[in-house]
Amino acid sequence: MIGKLTGTLLEKNPPEVLVDCHGVGYEVLVPMSTFYNLPAVGERVALLTQFIVREDAQLLYGFGSQQERQAFRELIKISGVGPRTALSILSGMGVADLAQAVSLQEAGRLVKVPGIGKKTAERLLLELKGKLGADIGAAAHVASDSQADILQALLALGYNDKEAAHALKALPADIGVSDGIKMALKSLAR
């Protein structure tokens, strides 16, 4: 029903923002990734939205990009995942990270998100397989099986997604797993 809001940003109280559209103030719930990219209070803002009607409430969710909104829509289709949980997932990891976790079937990355247990993470991986990735866009690209193994090793050693992806980018595409891990660890130690 409401697909996009453009107006003046009146308030920012995470995860909710208030947007004035020609005298009507809309309360919009946004993921933290969108929240961090919002302009200052008093400036113009445009948000893509998803309108959710429940028995006891009508809620408006806002997103800074089409990819975020599409990921949100895919998430809320899954049994047991409501809008709040989907918002939590998108706040805990970016769309690219989510797409990469799904393509590599990494439940451990999803379990790190508050409110996501092991069973929910496994259900998400199963249901989202093939629905995220190329459709969503900016998923980190893993060129080969050896690079996927190197990435898994770095994550298992306790490095976060950004550090591991950054170290992986610096490696040659045709490097072996053991040599790749050694080189990645050297670059991360600096």
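1. Across the whole structure, a search finds four salt bridges, and it should be kept in mind that the model is a predicted one. The points below take up some of these pairs and then turn to helix H4.

2. Asp97 and Arg109 meet through their side chains in a salt bridge, at 3.9 Å from N to O. Because Asp97 belongs to helix H4 and Arg109 to helix H5 (residues 107-111), this pair ties together parts that are twelve residues apart in sequence. Asp97 is partly exposed, its relative accessible area being 24%, whereas Arg109, at 6% relative accessibility, counts as buried.

3. Arg109 also forms a salt bridge with Glu106, and here the closest N and O atoms are 2.6 Å apart. Glu106 counts as buried, with a relative accessibility of 4%. Through salt bridges that share partners, Asp97, Glu106 and Arg109 are joined into one network.

4. Another salt bridge pairs Arg54 with Asp56, where the closest N and O atoms lie 3.2 Å apart. Arg54 counts as partly exposed, at 37% relative accessibility, while Asp56, at 63%, counts as exposed.

5. Helix H4 spans residues 95-103, and its buried residues are Val95, Leu98, Ala99, Gln100, Ala101 and Val102. The helix is followed by Gln105, a residue whose phi is positive, near 55°.

Technical notes
Residues are numbered from 1 along each chain as its sequence is written. This is a predicted model: local features need pLDDT of at least 70, side-chain atom pairs count only at pLDDT 80 or more; totals for chains, interfaces and linings use all residues. Side-chain values use heavy atoms; hydrogens and water are left out. Buried means under 20% relative accessible area, exposed over 50%, partly exposed in between (1.4 Å probe, protein chains only). Helices (H or I, at least four residues) and strands (E, at least two) are DSSP runs, numbered from the N terminus.
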